[in-house]
Amino acid sequence: MYYYRKVTDDLYWVGGSDRRLALFENLFPIPNGVTYNSYLLMDEKTVLFDTVDTSIGRQFLENVEAVLSGRSLDYLVINHMEPDHCSLIDELVLRYPDMKIIGNAKTFPMIGQFYQLDLTGKTVTIKEGDTFSCGKHTLHFIMAPMVHWPEAMMTYDETDKVLFSADAFGTFGAVGGTIFNDEIDFDRDWLDDARRYYTNIVGKYGVQVQNVLKKAASLDIQCICPLHGPVWRNNVEYLLEKYNLWSTYTPEVKGVMIAYASMYGNTENAANVLAVKLAEAGVKHIVMHDISRIHVSQLISDSFKYSHLVLASPTYNGGIYPVMANYLDDMKALNVQGRTVAVLGNGTWAPMSAKQIEAKISEMKNMTLLTENFALKSSLKPEQMEEMDMLVGKIAESITA
Ligand SMILES: Cc1cc2nc3c(=O)[nH]c(=O)nc-3n(C[C@H](O)[C@H](O)[C@H](O)COP(=O)(O)O)c2cc1C
């Protein structure tokens, strides 16, 4: 049986959710599932915006057919060619042989790469700023390269002031009927997943996101229809502001994320001593992660969220403990920058981790390092408490500055 929801008078949500998938992109844990959104505009021409992942393919096709209620599908706009959104193109081409596909110059070669389809006479190639009339509604196309693939674009419905934003403004998490932002408590239930989605999937491309936000600033956007997560039909400024912070690598919270690795508990103990002293020094926002127990995508998310990072790790075979090394590589890959960082190292015979982590941090953009080879020899000793207190003072001072 089909289901759908009306977004505006002529626009319908025909997507669905997958609550079974364990890893998004076979990488990111999604305990709350994921939504694949698709939207159908019922104008003089019928226009579908993107398709969905195969996991909900049958449901999606049923939803589309129900909204069409006997009409044919005239156009499919492809804002993004990632397979979690375009996997039903071939099925639609078979079902609606007169359907034409609207995309940009980079869209169609990608269709050819993923699928064996003869689209002769079925394509409409548009470019930045082009418009397309569906009858009452005029669509306006906005290129969004590298947000987060090269062919990505957004479509703006000038008539209803709706932005179809592709992967931008999306989030992990399955919607359950309540698909609109004003039907849920986004701050409480969705923001963490939205941040983890943005920072890990799009985080590297802050400059490109800023370019799109500049284009969006000239539009009157009343509604944002992303490809994942809730539809924003009011308060879009909230989301635009979050994207502005994230894409400029500006922390949301003046506070400290302490990320430690530890085998026998001694580096963990030093991290706990530091945390208690920070709290006593008046630092309000402190979050601690044992990085062997938490997915790296959460560490990346909190690296974007917090202004200060404390990284603590033992030395392992002359190098950095592997999970910490992996997190540092991810930080670099995702362009984490502009943070104030302190490093605690550890080692029993030749402690190298502090120096090596500091070297990796200094390869990242605009980082301020508060330590210089603060290394434990197996465990934190009373004679190091003065150095610890000085570090606490520096962190607390720079947070309140
Ligand atoms: C496989 C392995 C490799 C290690 N390699 C080094 C090393 O290269 N240099 C060193 O000083 N300590 C090395 N250590 C020792 C730990 O870094 C050290 O005991 C540290 O204090 C452990 O901290 P923890 O109590 O937080 O786990 C190694 C330990 C293990 C298990």
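**Stop 1: helix α12**

Select residues 353-362, helix α12. Its buried residues are Ser353, Ala354, Gln356, Ile357, Glu358 and Ile361. Buried means that 20 or more other C-beta atoms lie within 10 Å of the residue's own; 12 or fewer means exposed, anything in between partly exposed, and C-beta atoms are placed from the backbone. Helices (H or I, at least four residues) and strands (E, at least two) are DSSP runs, numbered from the N terminus. An α-helix has 3.6 residues a turn, so residues three or four places apart point the same way.

What covers the buried residues of α12? Show β19, β20 (319-320), α11 (322-333), β21, β22 (368-369) and β23 (375-377), which are among the covering elements. Contact here means C-beta atoms, placed from the backbone, within 7 Å.

**Before moving on**

This is a predicted model: local features need pLDDT of at least 70, side-chain atom pairs count only at pLDDT 80 or more, and totals for chains, interfaces and linings use all residues. Residues are numbered from 1 along each chain as its sequence is written.

**Stop 2: the whole chain**

Zoom out. The protein chain holds 13 helices and 23 strands. Its C-alpha trace spans about 80 × 40 × 35 Å along the principal axes. Of its 401 residues, 44% count as buried. Take the contacts with a separation of 6 or more: residues 24 or more positions apart account for 72% of them.

**Stop 3: the seven-stranded sheet**

Colour the strands in the order β1-β2-β7-β8-β9-β10-β11. They form an open sheet with mixed pairing. Two strands pair if DSSP finds at least two bridges between them. At the edges are β1 (5-6) and β11 (123-125), each pairing on one side only.

Next, pick β9 (residues 75-77) and β10 (residues 100-103). They pair in the parallel sense over three bridges. Val77 has Ile102 of β10 as its bridge partner.

Select Met42, in strand β7 (residues 39-42). Is Met42 buried or exposed? Met42 counts as buried, because 20 C-beta neighbours lie inside 10 Å. Beyond its neighbours within four places in sequence, Met42 contacts Asp10, Tyr12 and Val67. Asp9 is 33 residues from Met42 in sequence, yet 8.9 Å away in space, C-alpha to C-alpha.

**Stop 4: the five-stranded sheet**

Show β12-β13-β14-β15-β16, in that order: an open sheet of five strands with mixed pairing. β12 (131-133) and β16 (223-225) each have a single partner strand, so one side of each lacks a neighbour in the sheet. From one strand to the next, the twist averages 20 degrees. β15 and β16 run parallel, joined by three bridges. Phe164 stands opposite Cys225 in β16.

**Stop 5**

- Val147 and His148: a cis peptide bond joins them, with omega about 5 degrees. His148 sits in the loop between β13 (138-143) and β14 (153-157).
- Asp50: phi is positive, near 60 degrees, in a residue other than glycine. Find Asp50 in the loop between β8 (46-49) and α1 (57-68). Asp50 is buried, with 26 other C-beta atoms within 10 Å.
- Phe169: phi is about 65 degrees, again positive, and Phe169 is not a glycine. Its loop runs between β15 (162-164) and α5 (186-189). Phe169 is buried, with 27 other C-beta atoms within 10 Å.

**Stop 6: a β-α-β unit**

Select β17, α9 and β18, which make a right-handed β-α-β unit. Right-handed means that, with the strands pointing away from the viewer, the path from the first strand over the helix to the second runs clockwise. β17 (residues 253-260) and β18 (residues 286-290) pair in the parallel sense over five bridges. Tyr260 has Asp290 as its bridge partner in β18.

**Stop 7: the ligand**

Centre on the ligand. Which residues are closest to the ligand? They are Met263, Tyr264, Asn266, Thr267 and Gly347, in a shell of 19 residues. A residue belongs here if its C-beta atom, placed from the backbone, lies within 6 Å of the molecule. α9 (266-280), β19 (306-316) and β21 (340-347) each give two or more residues to the shell.

The shell divides into seven nonpolar, 11 polar and one charged. Ala, Val, Leu, Ile, Met, Phe, Trp, Tyr, Cys and Pro count as nonpolar, Asp, Glu, Lys and Arg as charged, and the others, Gly among them, as polar.

Methods
Contact = placed C-beta atoms within 7 Å. Axes fitted to C-alpha atoms, helices over the stretch in contact; angles between N-to-C directions.
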